[in-house]
Amino acid sequence: MTFALQDFSLENYLQELRPLIDVDCGTYTKEGIEVIATQMQQKYLDMGWHVKRIDCGIAGTGLEVRNKPESNDIDVMLIGHMDTVFPEGTAAARPMTFDEKRAYGPGVSDMKSGLLNVVHALRNMDKETLDKLSICICMNPDEEIGSLHSESWLKSVAVNAKNVLVAEAARADGSLVKARKGMARYRLTFAGKAAHAGNEPQNGRSAITEMANWVLAINNLTNFESGTTLNVGIAKGGAGANIVPDSAEAVVDVRFWDNDEYADADAKIRALTETPFVEGVTITVEREAHKPSMVPTEKTEALMALVEESGKELGIDIKWQEVGGGSDANLTAVMGIPTLDGLGPAGAGFHSADEYLELDTIEPRIKLLMKVLTKIAG
């Protein structure tokens, strides 16, 4: 099989990418997510693939796309997300632009170009190779908040998958992702008793004092050597300087390589509710998001070798990174399924106004994905 892309031109690719960028589709922006889902659905219908729309509740629509909908087994599951982190108005404020080297815009590398690269790879695969594979592409609307409303659906599909490839962006230097830290996010709510700070402070129960003690206790759970880190990123409370505060709230971000060490930290956080530092204050712990860490297994290493071999044949130097941010790869890796990430084109500046896509990596990464799928087909 040759890997010359039929009729590929960067100009046409960017024209196809633009309507995926110039729409507000932050998580929970259901109208924008629907615009993306409709575009992606049509691309696959035009290729003759089967598209199933998935109701992901308040997050909106997910898409499950298959070339063999009647097959139980999935040789390759490809995952990508349709949402971004940006608020409404962003697309109008900074629509997609490009220069000789890079394209810019909200979600240009995280991860609209990844979604489009999958389409281009499958468009250019020959029928004989595709017929050997059962492929399922899942596109979810809420990855940026931890796939809260799509996790159960993604796992229900992945349970039948032999390999998972996630089309998030490659790193700025072109590295693919072999491991990702796990993450969890907690919302802590503290309820105390208000009192006048001048007349009867002794009758109050300070929610902020309780929260302050929790911040210190949570900081003590960090272990930089093993990579388990806890960060109280939001803390707020009180109604006035002359009032003993009866309410406070904190949001905690946790990152970890060791799933067992995280479980221990989780247990310690929850145990703190049983012995408040300030008598009379009650604490509610709500875990809002959780993704286990993604750590390579022997099967994953075999898949890595296949990707490296594919790169070598195409003249692409394959490098790997371990990264701190989570993705949907975490969800499938913990199920024991060989999972690799960063199969999209290279970019950086994710979640910021500086986000960019390296134009000269688009075509090579389409070819790499085609090569990997061809090798999996045997």
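Me: What should I know about the model and numbering first?
Reply: The model is predicted, with local features needing pLDDT of at least 70 and side-chain atom pairs counting only at pLDDT 80 or more, while totals for chains, interfaces and linings use all residues. Residues are numbered from 1 along each chain as its sequence is written, and side-chain values use heavy atoms, with hydrogens and water left out.

Me: How is the protein divided into domains?
Reply: Into domain 1 (10-181 + 293-377) and domain 2 (182-291); the bounds come from an automatic or database domain assignment. Their C-alpha centres lie 36 Å apart.

Me: How many residues are in contact between domain 1 and domain 2?
Reply: 22 residues of domain 1 are in contact with 13 residues of domain 2, where contact means heavy atoms within 4.5 Å.

Me: Switching to backbone. Where is the cis peptide bond?
Reply: Between D110 and M111, with omega about -5°. M111 is in helix 4 (residues 108-124); helices (H or I, at least four residues) and strands (E, at least two) are DSSP runs, numbered from the N terminus.

Me: Is S147 buried or exposed?
Reply: Buried, at a relative accessible area of 0%. Buried means under 20% relative accessible area, exposed over 50%, and partly exposed in between (1.4 Å probe, protein chains only). S147 sits in the loop between strand 6 (135-140) and helix 6 (151-158).

Me: And what about H351, which phi does that have?
Reply: H351 also has a positive phi, about 65°, and is not a glycine. H351 is partly exposed, at 45% relative accessibility, and is found in the loop between strand 17 (347-348) and strand 18.

Me: Where is T361, and what does T361 touch?
Reply: T361 lies in the loop between strand 18 (356-358) and helix 11 (362-377). Not counting residues up to four places away in sequence, T361 touches P345 and A346. T361 is buried, with a relative accessible area of 15%.
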